[in-house]
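User: I would like to go through the labels attached to this model and see what each of them rests on. Please set the values against the cut-offs as we go.

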Amino acid sequence: MKHFIIHQIAQLENYAKVTVRFAIAVIFIWIGSLKFFAYEADGIVPFVANSPFMSFFYNAPKDYKTYQNKEGEFIAQNHEWNLQNNTYGFSKGLGIFLIGAGILVALHRVAPLWSMIGSILIFFTTLGTLSFLITTPECWVPNLGDSDYGFPFLSGRGRLVIKDIALLGCSLITMSESAKLYLRNNNIKKMQL
């Protein structure tokens, strides 16, 4: 019985790859779609404002702490600042990029080369997201009197970011799988000529 169960588990690799690809597509399309809403754009401000790779997209990244909205909160003055700061414009552009990458990954069977490119984009996107652990102070529990603060104590934002390690690995799986399918399809075409 034990060997039967282990044998069945060993056969899950193809299902796992399909699940990983589906998960990447859903995550990136869904989160990309949310970038068109103010609460999500407000939520990424600390990450973007502190990033040496992205802060230039904002007009006044250093002022973000004064105008932060909590999730679900609407303060007209803060909203106006975010409009002037290009918070919402950047977020919408990022949303289009994330949705596009998610769609490309989903096109594995139809367009494996494009799907591989989508996986490469997701790989670098997750590296960028993981860089927030270094650049964004809000990723770590602040010193507000408790003895547990700073490294290694991840805040809610930090716990959100660290999960991208899994997406990094998943993107390598989908990237490799799409590259193999592309090469296999090209070899078949060459043999038919």
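**Buried charges and paired side chains**

Analyst: In this predicted model, glutamate 40 has a relative accessible area of 15% and is therefore buried, since the label requires a value under 20%.

User: What makes lysine 35 count as buried?

Analyst: Lysine 35 has a relative accessibility of 5%, and because buried means under 20%, lysine 35 counts as buried.

User: Why is the pairing of lysine 35 with glutamate 40 called a salt bridge?

Analyst: The closest N and O atoms of lysine 35 and glutamate 40 are 2.4 Å apart, and the rule asks for a side-chain nitrogen within 4 Å of a carboxyl oxygen, so the pair qualifies as a salt bridge. By this rule the count comes to 3 salt bridges.

User: How do you know that lysine 17 and glutamate 13 form a salt bridge?

Analyst: Their side chains meet at 3.2 Å, N to O, and because the limit is 4 Å, the contact is a salt bridge. Both residues lie in helix α2, 4 residues apart, about one turn of the helix.

User: What makes the salt bridge of arginine 21 with glutamate 177 a tie between parts apart in sequence?

Analyst: The closest N and O atoms of arginine 21 and glutamate 177 are 2.9 Å apart, and both residues are buried. Arginine 21 lies in helix α2 and glutamate 177 in helix α9 (residues 164-192), so the pair ties together parts that are 156 residues apart in sequence.

How values were computed:
Residues are numbered from 1 along each chain as its sequence is written. This is a predicted model: local features need pLDDT of at least 70, side-chain atom pairs count only at pLDDT 80 or more; totals for chains, interfaces and linings use all residues. Side-chain values use heavy atoms; hydrogens and water are left out. Helices (H or I, at least four residues) and strands (E, at least two) are DSSP runs, numbered from the N terminus. Buried means under 20% relative accessible area, exposed over 50%, partly exposed in between (1.4 Å probe, protein chains only).
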